[in-house]
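Hi,

Here's the structure I promised to pass on. Have a look at it first, then read my notes below.

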Amino acid sequence: MNQLAILRRHLCILRQVQPPFLYPEKQKILTSLELEELGSTSVRTLERDLKDIESYYGVCVSYCKVYGGYFLDQPADEDLSDFRQFFRLLERCERLAFLTHSKDALSTSKYLLLEDNQELLSLDYMPILWDALRSQRQLTFKYQPFTSDTIKSYVVDPLVLLEFRNRWYLAVWDPKEEKFKTFGLERMLEPALTDTPVRGDRRSQFLALKKDALGVSVKPEDEVEQVILKVQAQVAPYIRTVPIHSSQKILKEEQGELLLSLKLIINPELEREILSYGEQVEVVEPAWLRKRIFLKINQMKK
């Protein structure tokens, strides 16, 4: 069985045992594999799949005697969002594997139009950043912001890799300045692993902040605010189907126009998102953000 088929089998099983738990019986899992035409549906093969899932990914699928079925057996202190990120990554691998393992893979390219972004050459740093994250060791690197000619050196505790708008960022804790920071990988220079362990696990604190923000700019002192937006009918379907933020709620709908509520940290990424819709989106509240967007529009007119 090729790697794509194995990956698809594992994903099919994991989809059925992840929260909210339905505790499928062995036969139900086998039936799902059969419907997806994913190879052998014998009990013995399924048992091997469950062992492989734990061996390959460190994910345990167990049998619950109370409910008579299988479930994702997570440690009590493990964050469910970690599994969701892992699962999303597996699904990306599945899509990529589908393209690269196809018997007609070369001709598949004529149906794709991928961005040729030379800035992403900095992804060469991924292995060393990954090592720093996995081993929980401090990282050193030099960094040059787009807005400065000065190159500065950093020694940081790495927290998590972020992807936003087709760019990769490393979120860190800066022990010297005692604050969270995010660094674009394409502006990093000479990253190196140290022998010094990180000085505390602040990852959960950063992720909690990140849930309340669009993009990558977050600071511990930032406060969540309610933002009310009026969205014109032309772009309402786009914002309805792809929300600006996970907190988005529709307060009112009239003649195709939407009145939206967002509860989040107001940062530069949110301001750019609002401005990107031009005259189709209006800030209603808070008053200070409405004024700020107004001033930016006037600045553009100049």
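A residue counts as buried when its relative accessible area is under 20%. Trp 173 comes in at 12%, so Trp 173 is buried. Keep in mind that this is a predicted model.

Now for the aromatic rings. A ring pair is described by how far apart the centres are and by the angle of the planes. The whole structure has 13 aromatic pairs. In one of them, the ring centres of Tyr 63 and Tyr 70 are 5.2 Å apart with the planes at 70°, so this pair is edge-to-face. Tyr 70 is buried at 11%, whereas Tyr 63 is partly exposed at 46%. Trp 173 turns up again here: its ring pairs edge-to-face with Phe 180, at 5.1 Å between centres and 75° between planes. Phe 180 is buried too, with a relative accessibility of 3%. There's also a cluster, in which ring pairs link Phe 21, Tyr 23, Tyr 67 and Phe 71.

Last one: Cys 12, which sits in helix H1 (residues 3-17) and is buried at 9%. Cys 12 touches Ser 32, Leu 33, Glu 36 and Leu 38, leaving aside residues up to four places away in sequence. Glu 36 is 24 residues from Cys 12 in sequence, with 8.3 Å between their C-alpha atoms.

Cheers

Note on methods: Residues are numbered from 1 along each chain as its sequence is written. This is a predicted model: local features need pLDDT of at least 70, side-chain atom pairs count only at pLDDT 80 or more; totals for chains, interfaces and linings use all residues. Side-chain values use heavy atoms; hydrogens and water are left out. Helices (H or I, at least four residues) and strands (E, at least two) are DSSP runs, numbered from the N terminus. Buried means under 20% relative accessible area, exposed over 50%, partly exposed in between (1.4 Å probe, protein chains only). Contact means heavy atoms within 4.5 Å. Rings of Phe, Tyr and Trp (its six-membered ring) pair if their centres lie within 6.5 Å; planes under 30 degrees apart count as stacked, over 60 as edge-to-face and the rest as tilted.
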